[in-house]
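This report describes a protein chain, with attention to its surface and its aromatic rings. Please keep the sequence and the structure in view while reading.

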Amino acid sequence: MDDYMTFQDFILPGQDVTFQDMDIFDGHLVLFLQHCGAPMLCSIDMPIDGNIKKPTNLEDFSPWYFPVPSNLCSILPGSNHDYMTSIYRVVLSSPVMPDVVIDYDMVKRTFSIVHREEVVGLTSNVNSSSDLANVQTTSKHLQNVGNSQSWSDFIGAFTCERREVIAHDGVRVPLTILYSQKNLRDGSSPGILYGYGAYGDVLDKSWCSDRISLLDRGCVIAFADVRGGGGQGVSWHKSGARSCKLNSIYDFIACGTYLGNEGYVHKDRLSAIGCSAGGLLVGAAINMNPNLFCAAILKVPFLDICNTMLDPSLPLTILDYEEFGDPNTQADFEMIRSYSPYDNILPGVNMNGGHFSEGGLFKHCEDTAFEYAFLIKAMGMLDENQFESDS
């Protein structure tokens, strides 16, 4: 019995690679990997040699790395319930590409597109499948199929870049930058920076058709995966929680500064958006660096954190002690008070909303249109001549 309860390393992931999850089938082992923060998938032929007595590098098993677009941000498994199958289904998601359902044939080492969302003006009729002859390898692990006919119509309109920003303490913070390929990186563009950085949650960077109107106007959209969020392991979350919460805010400021310094946006035309705990992040960043953003949208923001956390009768207060600290202790109170945005809330903030406020498709469209109109005006994107002709 003791032999069955003993665990040992069998496959080593390699440098800058971590194992995230796995699926086992009769003829294949599928591994979910992270390589320098980017998701990957690979399969290993089964059965594995049972005579291996020591940990062995992944590359020694001749893995097949599933071809994915170079701008990919997430991979989600589909319904893979047939243990005897050699086909593995996933959903690929990217800021510049609507979700695509892909079947990977682990025997033939080919893939086919099963389903994709058609976007008017961006996608067209293309072949439904492709093989590895259309794949261009850009690195040892992560493969770029952006030039394949099956993908090009999705990603031809927009560019998605992943950068690493050096924070105040030398930590590298992932920054995803999205813009139209018509944009000139000359420091004149308006921009929006999204952030969250709490509870270990990964910032949502999936496809959103609402953004097209801003991207077509030359706006740069960026996502800061600051500490306190997810995607980089448990330590990434903990290094932006409780007594380390200031790291989240400094990371966000560093990402905003980077966009201006590197010419992605005009330094006077950068705005920010944060929701719930992301509103706390943006609000605190504005307090610490009021000249960084020309405008901000805080959706149901967690701004009055001191008073909220001091009231244990509220439903989430005690649970949030683990995330932000317990203000009933002097050290935690002083830390929370040092970044709490409450004292700087401007008059006129709409306090009628909330996580369970008025909803519905048309209300959502109206709210989004209002927010974008506000940002377009604040970032100087209005075309006065067009406005006069329309009126």
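## Overall composition

In the protein chain, 45% of the 391 residues count as buried, where buried means under 20% relative accessible area, exposed means over 50%, and partly exposed lies in between (1.4 Å probe, protein chains only). The model is predicted, so local features need pLDDT of at least 70 and side-chain atom pairs count only at pLDDT 80 or more, while totals for chains, interfaces and linings use all residues. Residues are numbered from 1 along each chain as its sequence is written, and side-chain values use heavy atoms, with hydrogens and water left out.

The protein chain contains 10 helices and 19 strands; these are DSSP runs numbered from the N terminus, with at least four residues for helices (H or I) and at least two for strands (E). Among contacts (heavy atoms within 4.5 Å) with a separation of 6 or more, 59% join residues 24 or more positions apart.

## Surface

The protein chain exposes about 20,500 Å², of which carbon and sulfur atoms supply 52%. Such areas come from the Shrake-Rupley method with a 1.4 Å probe; for residues, only the protein chains shown count as cover.

Met22, Ile24, Tyr83 and Met84 form a nonpolar surface patch with about 430 Å² of accessible area together. For such a patch, residues need over 30% relative accessible area and no salt bridge, and nonpolar side chains (Val, Leu, Ile, Met, Phe, Trp, Tyr) are joined within 5 Å. A salt bridge is a side-chain nitrogen of Lys or Arg within 4 Å of a carboxyl oxygen of Asp or Glu. Ile24 belongs to strand E2 (residues 17–24) and is partly exposed, at a relative accessible area of 45%.

## Aromatic pairs

Rings of Phe, Tyr and Trp (its six-membered ring) pair if their centres lie within 6.5 Å; planes under 30 degrees apart count as stacked, over 60 as edge-to-face and the rest as tilted. The count by this rule is 13 aromatic pairs. Phe66 and Tyr104 are stacked, at 4.5 Å centre to centre and 25 degrees between the planes. This pair links distant parts of the chain, 38 residues apart: Phe66 is in the loop between strand E6 (64–65) and strand E7 (74–77), and Tyr104 is in strand E9 (residues 97–105). Phe66 is buried at 2% relative accessible area, and Tyr104 is buried at 0%.

The ring centres of Tyr179 and Tyr264 are 6.3 Å apart with planes at 55 degrees, so this pair is tilted.

How values were computed: Patch = residues over 30% accessible without salt bridge, like charges linked within 9 Å, V, L, I, M, F, W, Y side chains within 5 Å.
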